[in-house]
Amino acid sequence: MSSMHSNSFDIRQLEAFAAVMSAGSVTGAARLLGRSQPAVTRLIQDLEADIGYALLHRSGPRISPTARGLLFHAEVERHLASLAHIRERANAIGLDEPPSLTIAATPSLAAGVLPQAIAAVAPDLLPRHLHVQALAAENVVQAVLARSADFGIASLPLEHPGLEVHWVADAPCVVALAASDPLAESDIVRLADLAERRIITLANPYRLRHRVDEALERAGVTPRRIIDVNASMTALTMVKAGLGVAIVEPATVYGVPLKGIVMRVLDHTIPFLFGAISPAALPMTPTVAAMIDAARTVALAMPGCRLHDSSGDALADTVYGQTLLSEEAPA
């Protein structure tokens, strides 16, 4: 197997490979790029020759990525996105406009907090191009660390020496019920009342899920049936379909209300911990500073939401301590 013999890539080769991966065929890639099929095939072959290994399996007209091709594609996507952002920022500099902005957030916070936060920022601070990426919390952290995102909003834990934590908040989780559910007649729903019900909740054991499990255990509830999901909106749509009751964070609930679904307070407080981060030691632009402040204001408008000390030791206590779980919901 030969090794890579070129110090730089032809951008056309990378674009051709990305297009093939996106379209699923060389023919489709050629249409996307406005090139001939032989030209795209040649660009891919030249790229494979440059890097020294196959990117695609070929079986007649059918192609599929190799294991190395999948890994390489992730790098190509990041590179092409970075080039696009450089192009946008160059244009913004030439026009004396705010540079383009990339925000990474978990799906619930991207839907439940960011829209109102963006709307609250002064229009002259908003760039022509605004990129919002809905990612898993761990990927939000990685995007900010890699500086492919200007800032992020994600559930805790967020501690990392490469991150600046601007604020940390917690808001109590709620139970989502069908409007016709008998439990909807109560202002406060007891976890004990959910013992015989199918419970829909989030799956990640290192973030909110372990707090939900702790609360159920404290209430003496062992659910017989559970559906776990990776996004609160999925949980809410399952409630709407009559599949159960959902214990979810409040951001999606208040930010994206669904007809036929009601939210009720739980008799045990289950804190949803989240915060805003940016790369450490990197000066914030006025736009990023305004966006982070606006997101905090929107978050604090959620019922029961409160801020915490975001310094290192205090943050660790907030994330890993047990003080936030209480037997009774606040009055």
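Here are some questions and answers on how the labels for this predicted model follow from the numbers.

Q: How many helices and strands does the protein have, and what makes a run count as one?
A: There are 12 helices and 14 strands.

Q: Why is Leu156 called buried?
A: Buried means under 20% relative accessible area, exposed means over 50%, and partly exposed is in between (1.4 Å probe, protein chains only). Leu156 comes in at 6% relative accessibility, so it counts as buried. Its place is in the loop between β5 and β6. Leu156 and Asp170 are 14 residues apart in sequence, and their C-alpha atoms are 9.7 Å apart in space.

Q: What makes strand β3 "mostly covered"?
A: Five of the five residues in β3 (residues 101-105) are buried. Leu101, Ile103 and Ala105 sit on one side, Thr102 and Ala104 on the other, and both faces are covered. In a regular strand the side chains alternate between the two faces of the sheet.

Q: How do you know which strands β3 pairs with?
A: Two strands pair if DSSP finds at least two bridges between them. β3 and β4 (residues 130-134) have five bridges and pair in the parallel sense. With β5 (residues 151-155), β3 has three bridges, again parallel. Ala104 has Gln133 as its bridge partner in β4 and Gly152 in β5.

Q: Why do β4 and β14 count as edge strands?
A: The open sheet runs β4-β3-β5-β13-β6-β14, with mixed pairing. β4 and β14 (306-308) each have a single partner strand, so one side of each is left without a neighbour in the sheet. Neighbouring strands here are turned by 20° against each other on average, direction ignored. Inside that order, β6 (residues 163-172) and β13 (residues 271-279) pair in the antiparallel sense over nine bridges, and Trp167 stands opposite Ala276 in β13.

Q: What lies across this sheet's strands?
A: Helix α7 (residues 137-145) lies across β3, β5, β6 and β13, at about 155° to β5. Helix α11 (residues 286-300) lies across β3, β5, β6, β13 and β14, at about 15° to β6. Angles run from 0 to 180 degrees between N-to-C directions, and axes are lines fitted to C-alpha atoms, for helices over the stretch in contact.

Q: Why are β8 and β10 edge strands of the other open sheet?
A: Its order is β8-β12-β7-β11-β9-β10, with mixed pairing. β8 (188-189) and β10 (225-229) each have a single partner strand, so one side of each lacks a neighbour in the sheet. β7 (residues 174-178) and β11 (residues 245-248) are antiparallel, with three bridges.

Q: How do you know the buried residues of α8 are on the same side?
A: In α8, Leu208, Arg209, Arg211, Val212, Ala215 and Leu216 are buried. They cover an arc of only 160° around the axis, which puts them on the same side of α8; the arc is that of the directions from the helix axis to the C-beta atoms.

Q: Why are α2 and α3 called roughly perpendicular?
A: Under 35 degrees is roughly parallel, over 145 roughly antiparallel, 65 to 115 roughly perpendicular, and the rest oblique. α2 (residues 26-33) and α3 (residues 37-51) pack at about 105°, with axes 8 Å apart, and are therefore roughly perpendicular to each other. Val26, Thr27, Ala29, Ala30 and Leu33 in α2 meet Gln37, Val40 and Thr41 in α3, where contact means heavy atoms within 4.5 Å.

Notes. Residues numbered from 1 in each chain as written. Predicted model: local features only at pLDDT ≥ 70, side-chain atom pairs only at ≥ 80, totals over all residues. Heavy atoms only, no water. Helix = DSSP H or I, 4+ residues; strand = E, 2+ residues; numbered from the N terminus.
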